Amino acid sequence: MQDAPAYIRCFVSILRDIFKEETVEYVLALIDEMLLGNKSKRARLFHDKSFSGEEIYDPFLRLLWKGNWFIQEKSSKILSFMLSGRPKGQDHVIADSAAKSKDEFTSINDVLKGLVDWLCAQLKNQSHTGRSIPVAIICLATLLKETAVRSSFVQIDGVKLFIPLISPASTQQSIQLLYETCLCVCLLSYYEPAIEYLATSKCLPWLIEVSKGSTKEKIVRLVVLILSNLLHKGTFGAQMVDLGLPQLVQSLKSQA
């Protein structure tokens, strides 16, 4: 693994300097395959001390808006893993450093915002029928662990985009999409500004409906966690009573 940063530098240089579609697709596929082996560990390789944030992120961010769907999908996933793999405290260190580092800090925020904008655009107007929404949700489930991403997502009114996806699922594909969507809502339920948007989004009836009809324990667990986080916020408690949550709780308690 000693040469790993050199390989990454080579890949990024190709993406920055070569625009032939087939070459870009091939390099992105190689990077994606590399990350799949060990996402968290290998994503950290992109943050080797020899790299700067601007050098690493920019090619992928550019490809989100200019490539074909294969290029867009791979770029969004790779960029999400790269951003989530940033060393803890990196932004704090950058923010407190010299002027040059301050520019890099701004660049990282711009990259986060640019990626969130693209993901929300996919939820609104799909570039690829059948793939845009699952890809966007998977990436958001990775990114919404960060406060900066939650803030950006809320500011562009992204919360309401989840609501049409919260419904009882039947196929394996729709079950996984529902799980990832509930995970996104769960992450937002820890963020106070997002809770105000959840209160006006009418998500509560849908969440309770899902918990009543889902046979997947992992989905029910997530919904219960969301409801627990929201219970004492605003009028959520009263709404839950009106929607029959006490009876649902009794039913869930009687199950194995």
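Thr181 has its place in helix α10; helices are DSSP runs (H or I, at least four residues), numbered from the N terminus. The model is predicted, with local features needing pLDDT of at least 70 and side-chain atom pairs counting only at pLDDT 80 or more, while totals for chains, interfaces and linings use all residues. Residues are numbered from 1 along each chain as its sequence is written, and side-chain values use heavy atoms, leaving out hydrogens and water.

**Thr181**
- Apart from neighbours within four places in sequence, Thr181 is in contact with Ile137, Phe162, Leu165 and Ile166; contact means heavy atoms within 4.5 Å.

**Helices α8 and α10**
- The axes of α8 (residues 132-143) and α10 (residues 172-188) come within 9 Å and cross at roughly 40°; axes are lines fitted to C-alpha atoms over the stretch in contact, with angles from 0 to 180 degrees between N-to-C directions.
- In α8, the residues Ile133, Pro134, Ile137, Ile138, Leu140 and Ala141 meet Leu177, Glu180, Thr181, Leu183, Cys184 and Leu187 of α10.
- The residues of this contact comprise 10 nonpolar, one polar and one charged; Ala, Val, Leu, Ile, Met, Phe, Trp, Tyr, Cys and Pro count as nonpolar, Asp, Glu, Lys and Arg as charged, and the others, Gly among them, as polar.

**Cysteines**
- The structure holds zero disulfides, a disulfide being a pair of cysteine sulfur atoms within 2.5 Å.
- The sulfur of Cys139 lies 9.8 Å from its closest cysteine sulfur, in Cys184, and is therefore too far for a bond.
- Cys203 is buried, with a relative accessible area of 1%.

Notes: Helix = DSSP H or I, 4+ residues; strand = E, 2+ residues; numbered from the N terminus. Buried < 20%, exposed > 50% of the residue type's maximum accessible area, 1.4 Å probe, protein only.
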